[in-house]
Amino acid sequence: MSEQPGTPATESMEHGPARARVDRWKKAFEESLVTAVGRFPAVATPNDRYLALAHAVRDRLIHRWMRTGEHYFRNRVRSVVYLSAEFLLGPHLGNNLVNLGVLDEVRQAMSELGLDLDRLLSQEEEPGLGNGGLGRLAACYMDSLATLEIPAIGYGIRYEFGIFDQGIRDGWQFERTDKWLQLGNPWEIARPEIAFDVKLGGRTEASTDASGRYRVRWVPEQVVRGIAYDTPILGYRSGNVNMLRLWKAEATESFDFGAFNVGDYYGAVEEKVASETISKVLYPNDEPAAGKALRLAQQHFFVSCSLQDMLRIHFQASPGLASLPDRWAVQLNDTHPALAVAELMRLLVDEHGMEWEPAWEITRRTFAYTNHTLLPEALEKWPVALFGGTLPRHLEIVYEINARFLGEVRDRFPGDEGRVQRLSLIDEEGARSVRMAHLAAVGSHRINGVAALHSELLRRDVLRDFAELWPEKFTNVTNGVTPRRFVALANPGLTRLVTEAIGDSWVRDLDELRRLEPLADDAGFREAWRAVKGANRAALAAEVGRRAGVTADPASLHDVQVKRIHEYKRQHLNVLHVLTLYLRLKRDPGLAAPPRTVLFAGKAAPGYAMAKLIIKLIHSVAEVVNADLVTRGRLSVAFLPDYNVKNGLVIFPGADLSEQISTAGKEASGTGNMKLALNGALTIGTLDGANVEIREAVGAENFFLFGLTAEEVARTWRDGYRPRDRYEADPELREVLDVLASGAFARGDRDLFRPLVEGLLESDPFRVLADYRPYVDAQARVERAWRDVDGWTRASILNVARMGGFSSDRSIRDYARDVWHVQPVPVPIENGEGAGSEIAPT
């Protein structure tokens with residue numbers, strides 16, 4: 001049994017207080033099985049047992065949660081509101097056990113009841129409420145906010161169906177509905193009394209009130225009601241429990257008896273069906289007009305509910321609105337919640353009767369905006385016709401904001417109409433559209449990127465005109481990840497080794513990992529480190545065999561690229577290297593290349609044909625390579641389907657090499673790079689996103705750098721770039737692309753990968769061929785380093801020791817200091833509720 005942070009290492013569970021706590025957990029589990037789940041042990045299913053333990057843990061959280069809410073209310077604290085369309089939380093049970101500090105005693109209690117805690121943990125459905133890094137970052141930040149004792153509410157949407165479950169059929173991705181709620185969610189509490197009406201469509205009517213002031217009334221076509229569902233978010237070794245509040249859409253009237261009585265049975269429930277569609281699915285396909293309209297309605301729905309709720313809470317302790325920016329710091333997590341700027345103005349001006357100028361001052365002081373992308377296509381824009389048809393009042397408000405803003409621009413830069421057009425909230429080119437990033441920038445007092453390079457490129461390129469207008473608004477907050485989930489929970493072997501060496505304070509203060517540095521030169525510690533890595537690698541190899549049907553050598557170099565499938569992330573560059581290795585081994589079976597297992601995982605957007613073709617390419621190459629007797633045991637390729645937080649907890653600890661090979665200047669930050677490095681993987685990567693800062697932190701000698709810089713990529717666009725020249729000049733690259741085009745990896749089908757090969761040769765927008773040779777050369781350096789067992793282990797230890805700056809706790813401290821100006825508000829833990837004693841009587 002492994003000791004985890006929060007469980008005193010010297011305290012035996014056979015007697016004394018620890019024995020009493022184990023017994024209480026057993027009793028709590030047995031009572032919960034009966035009272036919360038309604039089962040007796042003989043007929044309980046594995047899911048029943050998981051639910052029983054989840055309810056027993058939740059009961060402990062709720063006491064702290066209520067004390068936290070009361071403490072915040074009584075002290076009228078300044079709070080953070082985190083608006084995000086995604087929260088990719090991952091399973092709750094294991095993380096809550098870690099944060100309570102009771103993982104080992106609960107494991108012991110379950111064992112004494114004849115149950116395996118790991119099997120119970122595996123029963124939990126992952127809430128698929130996010131698409132990738134954006135949603136996972138939001139979840140890490142909620143964990144860190146609670147751990148750092150900063151009052152916060154996260155607001156989002158309770159999607160009935162989350163991101164799709166990924167299946168693979170003949171190498172092609174197909175999508176299955178993510179029914180994460182089908183067996184219930186024990187962590188949420190429905191709050192039907194906390195409900196808000198949200199207007200959509202219709203028209204506006206202008207008038208003058210009794211005081212002669214201009215007023216506008218919105219007459220909607222549809223009204224949807226948002227119902228609150230709350231999830232407690234516990235901090236690590238903290239009395240603070242913050243709240244994640246997600247909104248479910250319902251009809252204001254669920255059943256029309258008049259329609260039913262005349263035989264219109266569909267009409268009787270039509271409003272219910274139409275309304276509930278808004279929170280039905282994460283990111284509907286927004287190619288058709290109906291999909292665009294639904295996505296816009298989703299965004300308005302969740303920001304309107306959230307701001308109405310924030311005002312409700314505000315009025316509980318403050319009589320007026322002038323103090324709103326002093327009580328609340330609202331963070332826009334990318335452009336999805338940017339509508340909040342116009343919605344808060346509508347609420348202040350239309351609903352609460354404020355004049356425009358003080359309302360705008362409150363709005364700008366309240367919001368801050370995080371930009372997460374450098375890709376132009378990801379900067380949201382809504383057609384004016386759609387925007388006005390869905391949100392007629394908001395379009396009027398956007399026009400008014402824009403007119404006043406552009407007046408300010410003309411005053412600052414007289415005669416510069418080009419600048420005015422670039423800064424306008426309305427894109428006048430082609431079909432007119434509303435620029436949501438511009439709305440967020442104008443309506444916020446602070447704008448940040450999520451890595452040093454990303455923030456620099458924001459200022460220099462994407463939001464250059466805004467940076468010239470308001471340089472003081474711009475700052476950087478590099479992303480981070482929570483060490484609680486991604487080390488303490490994911491990697492118990494490494495957690496135990498590190499804790500035995502330096503104590504457990506690193507789980508809360510990741511900079512403490514620096515104390516590992518001297519141990520990199522300790523032969524005994526390096527041997528223990530290798531043993532942990534070997535066990536994790538064996539567990540990953542077993543998972544690859546079980547889920548992908550590929551036999552992987554547990555002693556081989558585990559070369560891992562796990563992330564969303566996208567051309568700019570360049571999984572196909574990785575495949576070209578695999579083909580290079582394969583062809584070398586075929587030519588020279590005696591080649592002194594260390595055994596390597598190349599592992600891919602990630603989902604492609606359902607409508608992204610090229611990304612799906614890359615998944616097919618990975619499977620087709622794997623089919624040939626894994627079946628070849630010449631390379632068997634030397635080179636294996638596998639794709640693990642349905643990559644999510646839960647599956648990542650097996651992958652990160654078992655990885656040796658982390659592939660962070662995106663085109664420089666395209667990745668905003670990346671957090672997979674951090675999770676892998678924190679678990680001891682060395683990075684091969686470009687100078688993109690947070691790679692730049694990771695390389696600076698861990699040391700250039702412990703990072704395999706290759707490829708064009710962002711400036712050099714930009715130069716290829718200015719000066720011209722002919723990818724075919726790279727093909728002609730490099731015999732090995734030419735051989736790889738020719739064999740790919742020949743159909744040898746497509747069962748003879750020469751057309752299957754033609755779009756991919758021709759795209760690389762004719763345009764290569766992500767400069768794959770430009771970086772091919774430097775990448776292959778860097779992989780040769782990886783092989784040489786891997787052969788030096790002690791050297792590799794030393795570099796792995798130093799990677800972990802120097803990753804303290806990439807904790808989400810550090811990110812939140814930066815936000816708290818530089819953006820939100822909030823202070824910790826500790827909530828005392830009551831006597832008997834310290835770490836390792838969470839089930840003392842209450």
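Guide: Asp764 has a relative accessible area of 1%, so Asp764 is buried. Buried means under 20% relative accessible area, exposed means over 50%, and partly exposed lies in between, with a 1.4 Å probe and protein chains only. This is a predicted model: local features need pLDDT of at least 70, side-chain atom pairs count only at pLDDT 80 or more, and totals for chains, interfaces and linings use all residues. Residues are numbered from 1 along each chain as its sequence is written, and side-chain values use heavy atoms, with hydrogens and water left out.

Asp764 sits in the loop between helix H30 (754–762) and helix H31 (768–787). Helices (H or I, at least four residues) and strands (E, at least two) are DSSP runs, numbered from the N terminus. The backbone deserves a check here. Phi of Asp764 is positive, about 45°, although Asp764 is not a glycine.

Asp170 also has a positive phi without being a glycine, near 55°. Asp170 lies in the loop between strand S3 (165–169) and strand S4 (172–176). With a relative accessible area of 47%, Asp170 is partly exposed.

Lys569 is in the loop between strand S17 (557–562) and helix H22 (571–587). Its relative accessible area is 7%, so Lys569 is buried. Leaving out residues up to four places away in sequence, Lys569 touches Gln561, Lys563, Arg564, Ile661, Ser662 and Glu667. Contact means heavy atoms within 4.5 Å.

Thr478 lies in the loop between strand S16 (474–476) and helix H19 (483–489). At 5% relative accessibility, Thr478 counts as buried. Neighbours within four places in sequence aside, the contacts of Thr478 include Tyr141, Val450, Met674, Glu693, Phe806 and Arg810. Thr478 and Ser79 are 399 residues apart along the chain, and their C-alpha atoms are separated by 22 Å.

Now the rings. Over the whole structure, a search finds 14 aromatic pairs. Rings of Phe, Tyr and Trp (its six-membered ring) pair if their centres lie within 6.5 Å; planes under 30 degrees apart count as stacked, over 60 as edge-to-face and the rest as tilted. Phe196 and Trp247 have ring centres 5.8 Å apart and planes at 75°, so this pair is edge-to-face. Phe196 belongs to strand S5 (residues 189–200) and Trp247 to strand S9 (residues 241–251), so the pair ties together parts that are 51 residues apart in sequence. Phe196 counts as buried at 11% relative accessibility. Trp247 counts as buried at 0%. Trp786 and Trp792 also pair edge-to-face, 5.1 Å centre to centre with 85° between the planes. Trp786 and Trp792 are both buried. One aromatic cluster is formed by Tyr82, Tyr141, Tyr815 and Trp820. Tyr141 is among the contacts of Thr478.

Arg225 touches Ala195, Phe196, Asp197, Lys248, Ala249, Glu250, Thr252 and Phe301, residues up to four places away in sequence not counted. Arg225 and Ala249 are 24 residues apart in sequence and 5.7 Å apart in space, C-alpha to C-alpha. Arg225 counts as partly exposed, at 28% relative accessibility.

Charges over rings come next. A charge sits over a ring if NZ of Lys or CZ of Arg is within 6 Å of the ring centre and within 35 degrees of the ring normal. The charged end of Arg60 sits over the ring of Trp25, 5.5 Å from its centre. Lys473 lies over the face of Trp470, 3.7 Å from the ring centre.

Last, helix packing. Helix H11 (residues 339–351) and helix H14 (residues 392–412) pack at about 100°, with axes 9 Å apart. Axes are lines fitted to C-alpha atoms, for helices over the stretch in contact, and angles run from 0 to 180 degrees between N-to-C directions. H11 and H14 are therefore roughly perpendicular to each other. Angles under 35 degrees count as roughly parallel, over 145 as roughly antiparallel, 65 to 115 as roughly perpendicular and the rest as oblique. H11 contributes Val341, Ala342, Glu343, Met345, Arg346 and Asp350 to the contact, and H14 contributes Arg393, His394, Ile397, Val398 and Ile401.
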